[in-house]
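Have the structure open as you read.

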Amino acid sequence: MATLIDRQKLFFAFSPEILPAERVQQGEEVVLETHDCFEGQIQRTTDLVDSLDWNHVNPATGPVYIEGAKPGDVLRVELLEIKIGDQASMVTIPGEGALGDVITEMETAILKREGNTVVFKDKIRIPIQPMIGVIGVAPAEGSVPNGTPGPHGGNLDCKLMRQGSIAYFTVGVEGALFGAGDFHAVMGDGEIVVCGAEIPGELRFRAKVVPELKGLPTPFVETEDLVATLYSAPTADEAADGAIHNMAKFLTEFVKIPLNDAGMLMSIVGELKFCQVVDPQKTVRFEFPKWVLKEYGFSL
Ligand code: CA
Ligand code: ZN
C-alpha cells in the first residue's frame with residue numbers, strides 16, 4: 001500500500017522552511033492527491049479570474065521528506081502513475097500570457113472529460129496527455145513561489161513530466177522536500193495563455209537518491225525514448241542557452257562523448273523545444289534520444 005498524502009496538505013512556495021507533510025523511505029510508493037492550479041475555485045464558465053483569490057493559486061501537495069536525501073544528492077523520482085479528474089478549466093486573462101497584449105476579455109472554459117478526451121467548446125474532442133506543471137524540491141535557501149520555475153524545478157510546465165517518465169532534481173536541503181501539483185489534462189509546448197487544461201489529479205511516485213549521478217545538470221527528465229535538460233531563465237534565449245549547455249555537459253561528463261562529437265550529435269538528432277514562455281521565468285528543454293546514448297554504452 002502506497003502512502004497517501006491528501007490534497008489538503010498543500011503549500012505555495014518551495015522553501016527549506018516548510019514542514020514536511022509526510023516522511024517516507026527511499027523507494028517507498030507515495031500517492032499525492034493534487035488540486036488544480038486554482039485550488040478548485042473555478043468550476044463553471046461564470047467563475048472568472050477576477051473573482052479568484054490569488055493567494056490560493058498554484059498549490060502543490062507535500063512537501064514530502066525523503067529519508068536520507070542530502071544536499072547535493074541527485075533525487076530520481078519515478079512518475080509511476082498519473083490520474084486526473086472529470087473536468088478541466090481554462091481561462092484567458094487580459095494582459096497575461098503570450099497573447100496578453102491582444103486579449104481583452106476574461107473568459108473561462110470548462111472542458112469535460114469523456115473517456116480519453118476532454119471536450120473543448122462542446123465540439124472539439126482533444127485526446128488527454130496528462131502532465132504535471134509544478135514539480136520539484138526545496139531550494140537550498142530562499143523561498144520560490146510555486147508559480148516560478150528554476151533550478152529546483154517548480155512551475156516548469158514541461159509536458160514530458162508525464163506518467164512513465166523519471167524526473168531528476170538536485171537536493172537542496174535534508175529530506176529534499178519534494179512536492180507536485182498543477183496537473184494538466186493536456187497542454188501544448190509554450191502554454192500560450194498561461195494555462196493548460198487545468199485539472200485536479202493524483203500522482204503515484206517513488207523517489208530515491210542516485211549517487212552515481214551526482215553533478216547531473218538538473219532539472220532533468222527521462223522518458224521511454226529520450227532524455228532532456230530543462231532550464232529556466234528570464235528570457236527564452238537565456239533559457240535555450242542553459243538547456244543546450246546542460247545537455248552538452250551531460251553528454252561529455254556522464255556519457256563521455258567528446259565535446260565536438262556531442263555538439264555535432266546535438267545538431268543532428270537533438271531537439272530544442274519550449275516548455276513554457278509565459279511564467280515569471282521561461283523554460284526551455286533540450287531533448288536527446290536514448291538510443292544514441294545506448295550506442296555509447298550508457299544508460300541511466
Ligand atoms: Ca503551471
Ligand atoms: Zn497549470
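D182 bridges the calcium ion (ligand 1) and the zinc ion (ligand 2), which lie 3.3 Å apart. D157 sits in the loop between β15 (153-155) and β16, while D182 belongs to strand β17 (residues 178-184), so the pair ties together parts that are 25 residues apart in sequence. Both D157 and D182 are buried (under 20% relative accessible area, 1.4 Å probe, protein chains only).

This is a predicted model: local features need pLDDT of at least 70, side-chain atom pairs count only at pLDDT 80 or more, and totals for chains, interfaces and linings use all residues. Residues are numbered from 1 along each chain as its sequence is written, chains are lettered from A and ligands numbered from 1 in the order in which they are written, and side-chain values use heavy atoms, leaving out hydrogens and water.

Now follow β16 into the open sheet, where 9 strands are ordered β1-β5-β19-β7-β16-β20-β21-β23-β22 with mixed pairing. Strands are DSSP runs (E, at least two residues), as are helices (H or I, at least four), numbered from the N terminus; two strands pair if DSSP finds at least two bridges between them. β16 (residues 166-170) and β20 (residues 220-222) run antiparallel, joined by 3 bridges. Y168 has F220 as its bridge partner in β20.

Definitions and conventions:
Donors = N, O, S within 2.8 Å, 3.2 Å for Na, K, Ca; no water. Buried < 20%, exposed > 50% of the residue type's maximum accessible area, 1.4 Å probe, protein only.
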